[in-house]
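Please keep the sequence and the structure in view while reading.

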Amino acid sequence: MSDSEDMTEFASIVERIERGEVPIKNIERELICPICKELFTHPLILPCQHSVCHKCIRELLMLNHEDSFDAGSECSLPGSPRSRVPSPSMERLDRLVRSGSISSPGWRRGSVTPRVTAIPCPGCQHDIDLGERGISMLFRNFTLENIVERYRQAARAAVAIMCNICKPPQLQEATKSCMDCKASFCNECFKLHHPWGTPKAQHEYVGPTTNFRPKVLMCPEHEMEKVNMYCEVCRRPVCHLCKLGGSHANHKVTSMSSAYKILKEKLAKSIHYLISKEDQVRTQITDLELLVSQTEENGQLAERRANEHFERLFETLQERKSEMLKSIEQSRTRRLDQLKVQVEEYQGMLENSGLVGYAQEVLKETDQSCFVQTAKQLHTRIQRATESLRTFHPASDPCFDEFVLETSREETLLKEMCFGGVPDPPLIDLSNSRVYNEASICWRLSDDHLPTDHHMLEYRRLGGPSKSPSQEDSEESGVWRATDRVYGASTVVSDLDPDSLYSFRVRSCRNSIFSPHSPEVTFHTPPAPAFGFMFSDKCGFSTDRLILNKRRDTVESVASMAFLLAAERVQTGSYIGLDYIIGDTGISQGRHYWAFKVEPYCYMVKVGVASDSKLLEWFHNPRDTSSPRYDHDSGHDSGSEDTCYELSQPFTLLTIGMGKLFIPKTSSSSTANATSGDPGNRVLPMPQRLGVCLDYDACRVFFYDADTMRCLYERQVDCSGTMYPAFGLMGSGKVQLEEFTTAKRLTF
């Protein structure tokens, strides 16, 4: 279809709309004010292009700013004819008026409106600033007023508009409405008030209506100027003064006729598209109604099935309850019967206490044959009673321990009971999860997970340093806290307490149904916040034997030509010197923690801290690196050489190598967990991850197993000047900084 044909079709659609051939139906929701929820009355266009009743926006401004009011709108019109049920906001406004806090707001110029005019749009909730002049800067939406009026007339077609000139009781139905006189006339009155040959004969008239609008739209900023241009930046009509020296001076504007043509074509094209897609929309509505019906039926079916399953569970539980209670009752009855028989037997023994007196009388019998005849049966009775007293045992056990019901497993199963469509809980990945003052928790998803499933990580503080009462109230230990929903397989938890034990668990959710929780895992936070740095290649860095990656978070020591040239010295029993590297950021106060990984194959790596006050002297006046000690062995093993060496060097280091960690000898300035001089107590397995904590203010350095946060070694350190993380490598080796240590510098 050509452009000319398109324009012809659009023009025909516009003509049909203007002639009313396209009926107005099902548009009531477009004519409802978002504040009062009734048909618009004198609507104003906000900067965001939404419309609000004039009276509603005045009330909204007054309620938002009770103490600040300004001059009112230019649109000074009679009060709204609509009636509304009194709302709390209206009652509050009436109280303000009656109390004299504000003047009664009128629709004339000079009526009060708020000075502060920043409010959220009731339609889109975006904040809008009406400027210093407030709602007086807003245009009335006359087009919307006309549509509302036509809608009202269509709704009350049986009610005629009467002539405003005729006197009762001879009122006539109006046939015309004059837009200049703003009144409705019958034929006779119109001829009488608009005689031929007078200026009134030139007045514009339309069909009978109660909605009158000005013939020309005036600029709200320049009251005597007509709007004749359209600002494409602000998307509103402006006058030539606005363009010349007003707020739209630097904005791009176009002529009103051009804007009218473009917008009318766009609107007509959109209407044409909607009309052409009416059958498609009806089909989609039918499909949606079918889906609504199916959803209702399937939901009721799922509910019935769930009820059936629970009823069966209730019946099974009731049966088991009856059976088990019956067995307890039977055992209780049997035991009571046995005990009652035994009580009766012993009661008989008390009642037969005359047996003793009878036996004593029998003993007085002197005739032997008579005595034997009587005493035989009597002896049997007395012997039976004596035996029962010696071997007293209750006839039954009063304890019902065998009837104790253990239901913890069943309770867990019931709590974890869920629909078949819910995935299995994810499992927290300990190898990839890291905890500092922030926790990066990763988990492995189940095989049946879907991309639409989301996950909830929960954590709680199990223990740590004591807190103030206010902190304890805000963060109760042991109370589970949950993160926001996560659609991936990891998340970060912030603001964890230092040196504390935390427990984590995670569960999945599908269609608002949660899976069971994953097994809990615990992590111990470091004793201080994470210190961020990367390796520095500026101070003492050996490019011959050390390789630094591009990210500067991994350093590797390799055999080089210089190492091979030193082979002759190796044969003589001497050592090759350490290659040092330090961090690019120093510490001058506070407590800081960092962690790293030393590869198990490393020959020898030393880790710790270094002082900048001694580094320059150390590198500018190199020591004899052919020996691990500055002073040669004095011939005895007193450790004095170590002490002298430690005082002279800028480093405080811990030795790691060949899969082992070596605790230094205890000296007056250091304290170790293994205080004995026994070499066996000074050698520990090398941790997978090692952590270092420097307390600058206390002049102490701590070495930790970063996985368990167990302190392996601590000692005093001379914190003179700025302290840097320091590493020394000999032979093949590799050190990799923890990701949290470099998180402030790198983007993952």
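E28 lies in the loop between α1 (3-19) and β1 (43-45), where helices (H or I, at least four residues) and strands (E, at least two) are DSSP runs, numbered from the N terminus. With a relative accessibility of 40%, E28 is partly exposed, a class that falls between buried (under 20% relative accessible area) and exposed (over 50%), using a 1.4 Å probe and protein chains only.

Leaving aside residues up to four places away in sequence, E28 touches L39 and Y151, a contact being heavy atoms within 4.5 Å. From C-alpha to C-alpha, E28 and E38 are 9.5 Å apart in space, while 10 residues separate them in sequence.

## Basis of the model

This is a predicted model, in which local features need pLDDT of at least 70 and side-chain atom pairs count only at pLDDT 80 or more, whereas totals for chains, interfaces and linings use all residues. Residues are numbered from 1 along each chain as its sequence is written, and side-chain values use heavy atoms, with hydrogens and water left out.

## Cysteines

The structure holds zero disulfides, a disulfide being a pair of cysteine sulfur atoms within 2.5 Å. For C181, the nearest cysteine sulfur belongs to C178 and is 3.5 Å away; for C234, the nearest is that of C231, 3.9 Å away.

## Confidence

The mean pLDDT (the predictor's confidence in each residue, from 0 to 100) of the protein is 75. Confidence is lowest in strand β3 (residues 70-71), at a mean of 38, and highest in strand β31 (residues 690-695), at 93.
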